Every structure is written in C-alpha cells, then in structure tokens.
Amino acid sequence: TLGRPSPLAMSSAMDAAATALEGGAARVDLLVRRADLPRVNKGKGAGSPGMSQGFWALPDEWKWRFRHYLNVQQVPPPHGSTLRVSRHANAHFHLGAAALGAVMRADGVLRVDTAKGPLAADFLIFCTGFRTDWSKRPEFAVIAQHARLWRHRFVPPDGLHDDELDEAPDLGPLFEFQPRTPGACPGLERVHCFNYAAALTHGAGAGDIPQISDGGQRLARGIAAQLLAEDVAVHFAAMERYAEPELEGDEWTPAAFPAYDGDPA
C-alpha cells in the first residue's frame with residue numbers, strides 16, 4: 001500500500017487524497033481544520049467580464065471589501081474533486097481535526113496529534129495553502145524592504161481587518177512592484193508580480209483559472225507597450241532604413257486620359 005496520507009480539505013488536498021486512493025493507498029484520513037466545509041464558491045459570483053477587466057480600477061475600499069469577503073467565506077473544494085475522494089470506502093473525512101504536531105514512533109509509524117486525538121499514519125501530506133511572507137523567500141531579500149505593501153497606504157474600515165490583505169503588495173497597473181520610497185530601489189518597477197499575491201490590487205486576473213488569460217494578455221500587451229516606448233527612437237530609425245519595395249513600377253501601364261466633351265446645355 002501507499003500508506004495513510006492526511007491532507008486538508010481544499011482542492012489540492014482532494015487531488016492528493018484521490019491520487020493516493022487511486023494508487024492503492026490502504027486508507028486515507030483527511031484532517032480538516034474546519035468544523036464544516038463551505039458550500040458556495042463566492043468567487044464564482046465575482047466572475048463577470050466587468051470584474052475581469054475592471055477590478056484593478058476600483059476604489060481601494062471596494063477592492064478590500066471584495067477580497068476580505070472572499071477570505072472570510074473561503075472556497076470549497078470542487079464538487080467533482082470531492083466525489084473523486086468520497087467514492088472510495090477507505091476515504092475518511094475528519095472535520096474539526098486540525099493537525100497539531102507529529103512525531104516518529106519507535107516502530108517507524110508517524111503519530112499525528114490532532115484536535116480529536118492522535119492518529120497513526122505511514123505518510124503525511126501537507127496541503128495547507130500558502131501565505132505571503134517575504135522573510136521566507138531569500139531570493140526576494142533585495143527588494144522585500146523596498147516594495148510597498150497595502151498596509152503602507154491603506155487603513156481598512158472597522159471590522160474588516162485582514163492580516164493577509166495587509167501583507168499584499170501594492171502593485172502598479174501592470175502588476176509591477178512599487179517602491180515605498182521613490183528611487184530607493186532602481187529597477188523595482190521592472191519586477192512584475194503575476195500570481196495570487198496580486199489579487200487585492202488586480203482581482204483574480206493573476207491567480208485564478210477563469211480570469212488568468214485576461215490578466216496575462218493585459219500584462220503582455222502592457223510590457224510590449226513599455227518596451228516600444230523605451231526604444232521608440234530605435235524603431236523610428238529602423239522604419240527610416242526600411243527600403244524593401246512594395247511596387248517595382250512595372251505593375252501597371254499609364255492610361256491616356258479621356259477627352260472631356262463639355263457640360264450639357
């Protein structure tokens with residue numbers, strides 16, 4: 001057998017659990033932090049063309065309200081993905097059973113401590129989502145201290161505080177990072193953040209399947225326009241040098257102009 005993975009119940013967890021079950025796992029225990037799974041994907045209710053094309057231009061207050069509401073409501077795993085797991089008799093959903101820790105026993109079996117008690121497992125799969133944390137990405141160390149975040153420029157209304165949104169980067173029109181202090185990090189604006197971290201500034205266009213094509217096209221067209229503007233003199237000079245003839249001069253024969261017989265009386 002493949003053992004007993006214990007993922008959490010979001011879409012990636014369902015995919016991991018289903019793959020293990022279909023691969024021959026003897027038993028799969030899904031440890032779900034929530035007491036229940038959300039039923040409605042509110043993100044689908046914000047999937048109009050207007051949201052796709054215009055979210056980035058909304059006032060800050062509306063951007064925050066949309067994204068905070070989605071964070072509070074949370075997203076259920078897809079219907080089909082959930083059925084892909086639950087159709088197996090050896091799949092077990094444990095709600096309100098957050099994983100609290102794990103240790104290796106003397107016999108090589110994992111003891112997973114959960115909110116409902118200990119669980120023995122051969123394998124443990126973590127599908128716990130993600131968080132914006134610059135300190136955990138050393139490759140971003142040079143720009144982390146210079147990139148402006150939403151908490152540097154926006155104070156949410158009472159009752160709508162959101163730690164995740166506070167740490168979201170405050171991006172420009174083309175998903176580019178913006179400096180906290182102008183000129184402090186030359187070239188920062190050439191780094192484009194095209195992923196989920198852009199959701200507060202740009203909506204789902206950089207990190208969600210239904211809208212990512214729209215976001216990608218806007219990013220590509222915008223960068224192409226910037227490159228043209230930066231090299232406009234080069235392009236003009238290339239146009240001046242262009243000398244490939246479209247016509248050779250022998251494509252037509254000049255005609256005799258017809259005589260005019262005067263205006264009628």
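## Fold and model

The protein chain holds nine helices and five strands. Helices (H or I, at least four residues) and strands (E, at least two) are DSSP runs, numbered from the N terminus. Along the sequence the pattern reads α-β-α-α-α-β-β-β-β-α-α-α-α-α.

This is a predicted model: local features need pLDDT of at least 70, side-chain atom pairs count only at pLDDT 80 or more, and totals for chains, interfaces and linings use all residues. Residues are numbered from 1 along each chain as its sequence is written, and side-chain values use heavy atoms, with hydrogens and water left out.

## Confidence

pLDDT is the predictor's confidence in each residue, from 0 to 100. The protein chain averages 91. At least 70 is reached by 97% of the residues.

Residues 1-8 stay under 50. For this stretch the model has 47 contacts (heavy atoms within 4.5 Å) beyond four places in sequence.

## Overall dimensions

The radius of gyration, taken over C-alpha atoms, is 29 Å for the protein chain. A compact globule of 265 residues would have a value near 18 Å; that rule is 2.2 Å times the number of residues to the power 0.38. Along the principal axes, the C-alpha atoms fill a box of roughly 110 × 45 × 40 Å.

The accessible surface comes to about 16800 Å² (Shrake-Rupley method, 1.4 Å probe; for residues, only the protein chains shown count as cover). Carbon and sulfur atoms account for 58% of that surface. Among contacts between residues at least 6 apart in sequence, 60% join residues at least 24 apart.

## Nonpolar cores

Buried residues make up 32% of the 265 in the protein chain. Buried means under 20% relative accessible area, exposed over 50%, partly exposed in between (1.4 Å probe, protein chains only). In soluble globular proteins, nonpolar side chains tend to be buried together.

A nonpolar core is a set of buried Ala, Val, Leu, Ile, Met, Phe, Trp, Tyr and Cys residues joined through side-chain atoms within 4.5 Å. The largest one has 15 residues. Within this core, Trp134, Ile143 and Phe177 touch the most other members. Beyond its neighbours within four places in sequence, Ile143 contacts Trp134, Phe177, Cys185, Leu188 and Val191. Another core, of 12 residues, lies apart from the largest one; its members include Met14, Leu30, Val32 and Ala91.

## Cysteines

A disulfide is a pair of cysteine sulfur atoms within 2.5 Å. By this rule the count is zero.

Cys193 is buried, with a relative accessible area of 6%. Cys127 also counts as buried, because its relative accessibility is 11%.
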